[in-house]
Amino acid sequence: MATIINCLRVVPKVTNTNTEPFVSLFTKRASRLAIVASFSSSTMSYEKELAAANKAASLAARLCQKVQKELLQSDVQSKSDKSPVTVADYGSQALVSFVLENELSSESFSLVAEEDSGDLRKESGQETLQRITKLVNDTLLSDGSFSVSSLTTEDVLRAIDRGKSEGGSHGRHWVLDPIDGTKGFLRGDQYAIALALLDEGKVVLGVLACPNLPLVSISGDSQHSSNDEVGCLFFAKVGAGTYMQSLDGSLPKKVHVSTTENPEEASLFESFEAAHSLHDLSSSITKKLGVKAPPVRIDSQAKYGALSRGDGAIYLRFPHKGYREKIWDHAAGCIVVTEAGGVVTDAAGNPLDFSQGRYLDLDTGIIVTNQKLMPSLLKAVRESLDEKNSSL
Ligand SMILES: Nc1ncnc2c1ncn2[C@@H]1O[C@H](COP(=O)(O)O)[C@@H](OP(=O)(O)O)[C@H]1O
Ligand SMILES: [Mg+2]
Ligand SMILES: [Mg+2]
Ligand SMILES: [Mg+2]
């Protein structure tokens, strides 16, 4: 902002005594500066929020990496919907909630997050709660920038339960998936810490920490080995593009989705878990489109991250009938891809609406690709869905 104010003080040097060109020159210059100022103010806002989000997600990634390396059987529980949750899911949520509130100290802090402390408040959850509290404190201590000496178990429960907000279309709401792809995390595969900020119902920033994602491309035809360096941090801010850096803190690099318009060159990302997405349906869609490569199946929003840097060109997600998508499974990924030049819609081609509370209200599935492939992809989706429905 300081540079802009200084610029506005510069008076144009005009030697001509005729005032008209002076006025028009000045007006032109002033309006140009006004455009710069308004662009800069829209892209410069959320700067502090983005820095806090990057710090929170990176610290949470550190906690998750530690747990994944030495996972104990007692670290894993089953939730009431039978899905898995681990000490790392809870620890990551407590840590992100604590760091955001600590860094931003605004009076209205709202967080929509996946986990809650219900099971940890039971007698049977006490040992797990102690372990989570130690993990959170050890991670905060390893960072060294927090003045608190240590969090109590009660502080940890409170931080987790900050995530109970219902979100909505007014004001600001943070959206967190503390570990997206818990099943991948348990297998030792891909997972992500996904954090986004909604402002008046729109996603304005998003961060994806992907501790196991190689820094180099994971596209089907690229050479990679188990020695590849892993750990990526993607971040995007509305109007400012998407960047990737290593979780160890390399310089951020701007990334862009694949620009291919040839489906034969495009490859597909989809869920590793067949229970999360209909693999047969995406295979029928990509066949219609003319995609040659076999699908790349990986867990979590690491798919959005990989797509944002052009590793593949398409992500399809068609859950089984009756499943309702949650906003934390897509908010961060969605802005990471759109700011990198991609498009994210439902099966009817509508943009995703994050303003309706904790769930996404959408038509059938989620489709992600670049601007050029979207029309033919949507056509293939429509045809395949019609065929599927008429065979029922
Ligand atoms: N039956 C189902 N259909 C679609 N998605 C499901 C599902 N059951 C769970 N999920 C969601 O799929 C997410 C993982 O996505 P992916 O398959 O791309 O790795 C899970 O996130 P969590 O691991 O955070 O619970 C969960 O929210
Ligand atoms: Mg889960
Ligand atoms: Mg998830
Ligand atoms: Mg999760």
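**Metal sites, helix packing and a buried serine**

Q: Which residues coordinate the magnesium ion (ligand 3)?

A: In this predicted model, the magnesium ion (ligand 3) is coordinated by Asp177 (OD), Asp180 (OD) and Asp329 (OD), at 1.9 to 2.1 Å. The spacing of these donor residues in sequence is D-x2-D-x148-D. Asp177 in strand β4 and Asp329 in the loop between β12 (314–317) and α10 (331–338) are 152 residues apart, so the pair links distant parts of the chain.

Q: Are Asp177 and Asp329 buried or exposed?

A: A residue counts as buried when its relative accessible area is under 20%. Asp177, with a relative accessible area of 1%, is therefore buried. Asp329 counts as buried too, at 12% relative accessibility.

Q: What coordinates the magnesium ion (ligand 4)?

A: The donors are Glu114 (OE), Asp177 (OD) and Ile179 (O), at 2.0 to 2.2 Å. Along the sequence they follow the pattern E-x62-D-x1-I. Here too the chain is brought together from distant parts: Glu114 is in the loop between β3 (111–113) and α5 (126–143), Asp177 is in strand β4 (residues 172–180), and the two are 63 residues apart. Glu114 is partly exposed, with a relative accessible area of 23%.

Q: How far does the magnesium ion (ligand 2) lie from the magnesium ion (ligand 4), and how far from the magnesium ion (ligand 3)?

A: Ligand 4 and ligand 2 lie 3.7 Å apart, and Glu114 bridges these two magnesium ions. The magnesium ion (ligand 3) and the magnesium ion (ligand 2) are 5.3 Å apart.

Q: Now the helices. How do α3 and α4 pack?

A: Two packed helices are described by the angle between their axes and by the distance between those axes. Helix α3 (residues 47–69) and helix α4 (residues 87–104) pack at about 155°, and their axes are 9 Å apart. That angle makes α3 roughly antiparallel to α4, because angles over 145 degrees count as such. The crossing of α3 and α4 is right-handed.

Q: Which residues make the contact between α3 and α4?

A: Residues of α3 in the contact include Ala52, Ala56, Leu59, Leu63 and Val67. Among those they meet in α4 are Gly91, Leu95, Val99 and Leu104. By class, the contact of α3 with α4 has 15 nonpolar, two polar and four charged residues.

Q: At what angle do α4 and α6 pack?

A: The angle between α4 and helix α6 (residues 153–161) is about 85°, with the axes 8 Å apart. That makes α4 roughly perpendicular to α6. Tyr90, Gln93, Ala94 and Ser97 of α4 make the contact with Val156, Ala159 and Ile160 of α6. Sorted by class, the contact of α4 with α6 has five nonpolar, two polar and no charged residues.

Q: Which residues of α6 are buried, and what covers them?

A: Val156, Leu157, Ala159, Ile160 and Asp161 are buried in α6. The cover over the buried residues of α6 includes α4 and α5.

Q: Where is Ser277, and what is it in contact with?

A: Ser277 is in the loop between β10 (268–270) and α8 (279–289). At 1% relative accessibility, Ser277 counts as buried. Leaving aside neighbours within four places in sequence, Ser277 is in contact with Ser271, Leu316, Arg317, Phe318 and Pro319.

Conventions:
Residues numbered from 1 in each chain as written. Chains lettered and ligands numbered in written order. Predicted model: local features only at pLDDT ≥ 70, side-chain atom pairs only at ≥ 80, totals over all residues. Heavy atoms only, no water. Donors = N, O, S within 2.8 Å, 3.2 Å for Na, K, Ca; no water. Helix = DSSP H or I, 4+ residues; strand = E, 2+ residues; numbered from the N terminus. Buried < 20%, exposed > 50% of the residue type's maximum accessible area, 1.4 Å probe, protein only. Axes fitted to C-alpha atoms, helices over the stretch in contact; angles between N-to-C directions. Parallel < 35°, antiparallel > 145°, perpendicular 65-115°, else oblique. Left-handed = near helix turned anticlockwise from the far one by under 90°. Contact = heavy atoms within 4.5 Å. Nonpolar A, V, L, I, M, F, W, Y, C, P; charged D, E, K, R; others polar.
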